[in-house]
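Dear colleague,

I am passing on the structure we spoke about, and my notes on it follow below. Please read them alongside the coordinates.

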Amino acid sequence: MELDLYIAFTRYLTTFVFSFFIYQLFASLVNYTQLKEREALWPMVMCLTTAAYCFVFAFNTHFINQKLSDFLLMIFWVCAYSSFYSYIRTIEVYLKRRIKKLEFAKLYCVFLVSVQIVCAISTLLFNHNFLFDEHNYVKSNLFAQTMHFNVSPNIYGKILGGLGALVVLYTCIVIWIELNRLKRNEVLLKLGIIVTFLAVLNDTALGLEISGAILPLYYFGNAFEAVRFNLYFQRKVYRKLFNLENEVVRLSRIAQFGFAAASIAHDIRNHIFVLKIGIDKLIKGREEDPQQNYKSLNKHINKVSEITDLYMNVFNKNNANEKNNVSVKKIVDEAIELVAPKYKNSNVELIVDIEDFSIYCNETEITISIVNLLKNALEEVSCVDKYQSPWVQVHAYASKRSICVTDCGQGISNEIASEIFNFGYSTKKGVGGHGVGLAITKALLMRSGFQLGLLKDSKNTTFEVLF
C-alpha cells in the first residue's frame, strides 16, 4: 500500500470512529441526566477518552512539527489507558460488584497514565523522553511515517508496554470468565473482548516493529462495549420512567379518592341539613304531620347512601350509575327541596321557571349539580350588602334543552372565569368557600356527556347546563 493511500484511509476511518464515539458519549450523557447515578459517568468517560485518542490519531496525520508529533504519541497512550481503566470500572458497574482480580489491572492503568503524562511533559519542555529513543531507520515503516514518528520504544518502553499488553490480556480473560460464570449471553461484550485481544497483538507488532503497515485496531477498542453499556443504562432509564409512571397512576388514584371524599362531604351536607331540621321539629313537637316527616327523613337518608355509592363508582369507572329518562321538573323540584331551608333563612328570593322536558341521565348526579349551582348562587349574592333585594332564578328551556341558574350579580371577570371550575379555586375562601362545588358539578356533568359553562353575554351571572 502506498503512503498517501494509507494516510487517507487512516484519516477517514479514524474520523468515522471518532464520530461514533462522540455519538455514544452524548447517549451516555442523556442516560446520566435521566438516572442521576454516579456509576453512569464511567461509560461517558470511556467514550470521551476513546474519542480523544481517535482525534489524536487523525490530527497527527497532518504534520505540523516533530516535537508536537512525538508529544501526541504520549497523549495517545494517556487516552488509551484512561479509556481501558474506564472500561474496567464500567464492567464492574454493569456486574454490580468490585472484581478483586482486576484491582491490579486498574492500578497498572493509573501507573501507565501517570508515566505517559510525565513523558509528554518531558517531550514538550525538554525534547527528551526516557521511554523512546530517536532513530533513522523507521522511514520505511508506513505507520510511523503516517504518524510522523521519529522515535521508537527503548528497553524501558518495551518492558512497560509489554507488561501493559499482558495486563490487558489478563483483564480480558478475567472478564470473559466472569461473564461465563454469571451465565450471561453477552455477545457484544465478548466481541469487544476479542477485538481488544486483537488490538493488543496488533499494538505489540507495531511497538516491536515486527510490522509497520498493519492498520491499528485501536479505533475499534471499546466500540462494542460502548453500545452494550448504553443499552444497559437505557433500560435502567426505561425502568425508572416506567416506575415513575406507575407512581403517577397510583398518586392519581389517591387524588381521585381524595376528590371523592371531598365531593361526598360537600354533597351530603345538604341532606344532613334537611335531616337536622326535620329531627329538631320532631324533638320539639312542632311537626304537624310526623308520618310525612318520617318519610321525608327516610328519603334523605337514602339519598345520602345513594350519593356515597355514586362517588365510589364515579372514580372507579367511566360510566354513570343507573340511568333513566327523568323529568327536568322533578330534578329541579328535588334540588329546590334541598336548598329551600337555606333560602328561607336568607333574604334571597328564589324564582323558578320551568319548561319541562325529559333527559336520559342518572337522577342523583344531575340533582347534585343543580343543588351546587343554586347553593353557589345563594352564597354569592347573600353575602354582598349592595344587593337590596337579591334574587336567584332557575330557568329550564325545553327548546335549548338547558337549565340556567342566574343570580343578580353583575357577572364574572374573564380572569376569574377561567379559574372557577378548577378544583380548590374559590372566591369565597374567607367565608367558608372550599373551591369544591363547581369543580364537582362540572366533573359530574361532563362524565354524563353534558356541558356546564358560564354565559358571557348575560347581563347577570348565569351558569348554563346543556343536555
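Helices (H or I, at least four residues) and strands (E, at least two) are taken here as DSSP runs, numbered from the N terminus. This is a predicted model, in which local features need pLDDT of at least 70 and side-chain atom pairs count only at pLDDT 80 or more, while totals for chains, interfaces and linings use all residues. Residues are numbered from 1 along each chain as its sequence is written, and side-chain values use heavy atoms, with hydrogens and water left out.

Glu-178 sits in helix H6, which covers residues 155-181. Its relative accessible area is 8%, so Glu-178 is buried (buried means under 20% relative accessible area, exposed over 50%, and partly exposed in between, with a 1.4 Å probe and protein chains only). Apart from neighbours within four places in sequence, Glu-178 is in contact with Leu-95, Arg-97 and Ile-99, contact being heavy atoms within 4.5 Å.

Lys-96 belongs to the loop between helix H3 (66-95) and helix H4 (103-126), and with 66% relative accessibility Lys-96 counts as exposed. Its phi is positive, near 65 degrees, in a residue other than glycine. Asn-127, in the loop between H4 and strand E1 (132-134), also has a positive phi, of about 55 degrees, although Asn-127 is not a glycine. Most residues other than glycine have a negative phi.

On the surface, Val-187, Leu-191, Ile-194, Phe-197, Leu-198 and Leu-201 form a nonpolar patch with about 500 Å² of accessible area together. Patches are made of residues with over 30% relative accessible area and no salt bridge, like charges being joined within 9 Å and nonpolar side chains (Val, Leu, Ile, Met, Phe, Trp, Tyr) within 5 Å; a salt bridge is a side-chain nitrogen of Lys or Arg within 4 Å of a carboxyl oxygen of Asp or Glu, and areas come from the Shrake-Rupley method with a 1.4 Å probe, for which only the protein chains shown count as cover for residues. Leu-201 lies in helix H7 (residues 187-207) and is partly exposed at 45% relative accessibility; Val-187, found in H7, is partly exposed at 47%.

Helix H11 (residues 363-382) has 20 residues and reaches 28 Å from its first C-alpha to its last, close to the 28 Å expected at 1.5 Å a residue, where the expected span is 1.5 Å times one less than the number of residues. Because 17 of its 20 residues are buried, H11 is largely enclosed by the rest of the structure.

Kind regards
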